[in-house]
Amino acid sequence: MSDSLLPYAVGAAKRARRAAVRMRRRVEQMHTVPAIDGVKPRPLLRPVHFSVSGGRTLNFAVSFPRRPEAVSAAHLEMSRGRKVVHVELEQEPQSDGSLLLTATAPLRHDDPSETGTRGPVLSSGMWRMEVVVTESDGRELRAKIASAPAESSDGPTLASSPSPTSGAVFRPVRSVDGRSMLNVRGPRHQAELTSFELRWDRIVVHGRLIAPKAPVEEYVAEAVLRRSSKAAEAPVTWDGDRFTFDVPLAEMAVGRTTRTWDMHLKAGGNRIKIARRLTDVRHPKQVYRTPFRIVALDNGSLARVHAYVTPAGVLAVSCTGFGTAPRGAEEVA
């Protein structure tokens with residue numbers, strides 16, 4: 001390397017190191033919450049595993065250094081203010097004489113949109129965690145839980161995703177003093193895509209409205225032309241918080257230019273995109289693949305349409321109008 005370029009290389013290396021330090025600190029801050037003062041120090045157990053999979057399934061395991069015969073019962077206690085919930089822990093004796101305490105339980109959110117029927121109910125906020133063990137002589141031992149090992153962010157699924165039943169998020173975090181905690185966030189106003197049907201004469205969309213901001217009867221479906229204010233409305237059929245509508249292809253497939261439309265629900269001034277968000281799939285577009293289709297519209301014209309899920313999970317429809325359907329094609333469809 002030329003001596004004249006050496007100062008630039010040294011400066012670039014320093015900037016790269018500073019950027020790496022800032023990134024590491026940012027990642028730590030995202031998963032760290034303040035310590036809770038005023039709590040009496042207690043023994044600390046380090047979890048073997050602590051995660052929430054599929055958006056709502058608690059998976060927990062901790063090693064307890066006591067003989068199995070010395071323990072009669074154990075549970076995981078989660079508390080927030082005066083609210084306390086218990087999850088029973090299974091006892092699994094280990095070859096080294098210790099005891100592995102494990103739990104797998106569904107979590108529910110304290111919200112009207114919750115449709116789950118099993119598992120403890122948690123409200124939004126930060127939940128502290130303790131392991132409570134009852135010994136064979138009746139004595140009760142309590143132990144705080146240290147922060148769990150960091151999980152890899154790679155793979156086809158997300159480490160943290162919304163609950164598919166309510167849209168709430170249950171995310172394991174750690175306090176600055178190294179304790180495991182559970183951060184619970186309530187569902188957001190959203191229109192969840194549950195499925196869509198590709199028929200020869202239409203596209204039928206099925207979904208669910210979560211945390212509505214108006215009565216469901218006030219919502220209408222819209223196809224909004226991308227990078228434009230143009231929109232085509234469609235009536236919606238409701239069954240509770242579930243909705244169904246036909247994509248307004250006749251208004252969308254005009255001319256031979258291919259246009260892409262995003263699907264929305266709108267009530268008053270609120271417009272939300274219809275999307276597949278209540279999933280732990282990391283790359284929705286790579287998983288939810290759909291074919292192109294020629295559709296015969298009610299006005300006798302044909303359209304080449306493609307309904308698909310974007311990388312962000314949004315339902316989009318691209319369509320191109322061309323020609324007219326052969327005589328009798330409507331009856332065949």
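Predicted model: local features only at pLDDT ≥ 70, side-chain atom pairs only at ≥ 80, totals over all residues.
**Phenylalanine 245 and its surroundings**
- Phenylalanine 245 sits in strand S20, which covers residues 242-246.
- Skipping residues up to four places away in sequence, phenylalanine 245 touches Ile203, Val204, Val205, Ala221, Ala234, Pro235, Val236, Met263 and Ile274.
- Glutamate 222 is 23 residues away from phenylalanine 245 along the chain, and their C-alpha atoms are 9.9 Å apart.

**The nonpolar cores**
- The largest nonpolar core has 35 residues, and the members touching the most others are Phe245, Leu249, Met252, Met263 and Leu265.
- Take methionine 252: once neighbours within four places in sequence are set aside, its contacts are Ala223, Val247, Trp261, Met263, Val317 and Cys319.
- Another core, of 30 residues, lies apart from that one, with Phe60, Val71, Met129 and Val133 among its members.

**The protein as a whole**
- The secondary structure amounts to 4 helices and 25 strands.
- The protein has 333 residues, and 42% of them count as buried.
- Look at contacts between residues at least 6 apart in sequence, and 62% of those link residues at least 24 apart.

Notes: Residues numbered from 1 in each chain as written. Heavy atoms only, no water. Core = buried A, V, L, I, M, F, W, Y, C linked by side-chain atoms within 4.5 Å. Buried < 20%, exposed > 50% of the residue type's maximum accessible area, 1.4 Å probe, protein only. Contact = heavy atoms within 4.5 Å. Helix = DSSP H or I, 4+ residues; strand = E, 2+ residues; numbered from the N terminus.
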